Amino acid sequence: QHNPDLPIRIEADRANLDDQRGVSVYQGNVTITQGDTVITGDEVTVHAPDRQLERMVSEGRLATLTTRDESNREVRAEARRMEFFPDGPRVALTGEARVWQGDDEFRGSRIVYNLEAATLEASTGDTGRVEAIFAPRDRSEDGDTP
Amino acid sequence: MSRRFSGLLLILVLALVVALGFWLSKSAQEQRVVPTAQVDPEANQFFAEDFVVWSMDASGQLKYRLSGTRLEQRQGDQSSHVESPVLIMEHPPAPDWTLRSERGWVSSGGDEVQLLGHVQLDRPGAPDHPPMTITSRDVTVWTLPRQAHTNARARMVTTHREAEGVGMTLDLTRDTLELESQVRGTYVPH
């Protein structure tokens, strides 16, 4: 499960840190890791006004996220843009946003996923639609004898 | 006839006096010219121990303060070799940056300072500036644009984060740090 108290590690090909503006830009094969949560992207902008980490914005051909929920089920997500709010802790996905919780899939133009509660809010934006695809449960999972 | 002869004689005497004077002054001048010894470029022009230098820019403003245990200025290119250099660069209201290394080299005009061996750059904390320490090796400092660069690995530590990478450019005026490759960073959530 996601642990918001762990340090956040970031790796990239190059970086430009601007101490005065509190903005750092990491570019090239960027990976952000906090415990089980891993976010990737081509470019990540870290906003830390007054030296307080506020958010990390990952943009990529597709930025990706993998983590685990409280029942240790894998959760995956992808979108053109991901805003990671460590304090949330939550991730806002925009642009071709998709989230997979186990075998269930959700699509929308904007999805906000809460990393601690493992809940998500999907919104359509102007023209899009929210889609939720729930994989049928196996009967054995429900404890029914066939 | 005799008048003409005495006139010629006078001219001759004058000519002799001028020639003698010219010869005397030329030889005096030659005596004052010290024969220039063959310059050994690696020889010291002078050296100083436990020194402090305040270097000013064109407008008379302090560019930097350099101290060290020993400074040797070479005759060849007028550059200086320094032991245990401590370079302090001011930029009020921001706190000073203090740059230390094992050895150093200063160009003749003082525009370029090479900090050699292990290098540490420190800036104390201030209301608008968190304390910051950068460690690396072989850093070149350009004192007027106030920039420092190295091709080696550099590691920056400040209150809420750390970052390191191979190849670094630090702009001491704009407070920006560029890491050129193999970047790793850590943020501590508050």
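Leaving aside residues up to four places away in sequence, B:Leu170 touches B:Trp97, B:Leu121, B:Ile134, B:Arg146, B:Gln147, B:Ala148, B:Thr176 and B:Leu177, where contact means heavy atoms within 4.5 Å. This is a predicted model, in which local features need pLDDT of at least 70, side-chain atom pairs count only at pLDDT 80 or more, and totals for chains, interfaces and linings use all residues. Residues are numbered from 1 along each chain as its sequence is written, chains are lettered from A and ligands numbered from 1 in the order in which they are written, and side-chain values use heavy atoms, with hydrogens and water left out.

B:Leu170 is also among the residues with the most contacts inside the largest nonpolar core, together with A:Tyr26, A:Met56, A:Met82, A:Leu93, B:Ile134 and B:Val141. That core has 58 residues. The largest share of this core, five residues, comes from strand 6 of chain A. A nonpolar core here is a set of buried Ala, Val, Leu, Ile, Met, Phe, Trp, Tyr and Cys residues joined through side-chain atoms within 4.5 Å; buried means under 20% relative accessible area, with a 1.4 Å probe and protein chains only.

How many cavities of 30 Å³ or more does a search of the whole structure find? There are two. A cavity is a set of points, on a 1 Å grid over the protein atoms alone, where a 1.4 Å probe fits but cannot get out, and lining residues have an atom within 4 Å of a point. Grid points are joined across faces, edges and corners, and a volume is the space filled by probe spheres set on the points.

A:Asp18 stands opposite A:Val23 in strand 3, and A:Gly22 takes a positive phi near 70° in the four-residue hairpin between strands 2 and 3. Strands are DSSP runs of E, at least two residues, numbered from the N terminus, and two strands pair if DSSP finds at least two bridges between them.

Strand 3 (residues 23-34) of chain A runs antiparallel to strand 1 (residues 8-12), with three bridges, and to strand 2 (residues 14-18), with five. Ten bridges join strand 3 to strand 4 (residues 37-47), also antiparallel, and A:Val25 has A:Thr45 as its bridge partner there. A:Gly35 has a positive phi near 60° in their hairpin.

Further along chain A, strand 6 (residues 74-85) is joined to antiparallel strand 7 (residues 90-101) by nine bridges, and A:Phe85 pairs with A:Arg90. Strand 7 and strand 8 (residues 104-114) are antiparallel over ten bridges, with A:Arg98 opposite A:Arg107.

Note on methods:
On a 1 Å grid over the protein atoms alone, a cavity is a set of points where a 1.4 Å probe fits but cannot get out, and a pocket is an open set with protein on both sides within 12 Å along at least five of seven lines; lining residues have an atom within 4 Å of a point. Buried means under 20% relative accessible area, exposed over 50%, partly exposed in between (1.4 Å probe, protein chains only).
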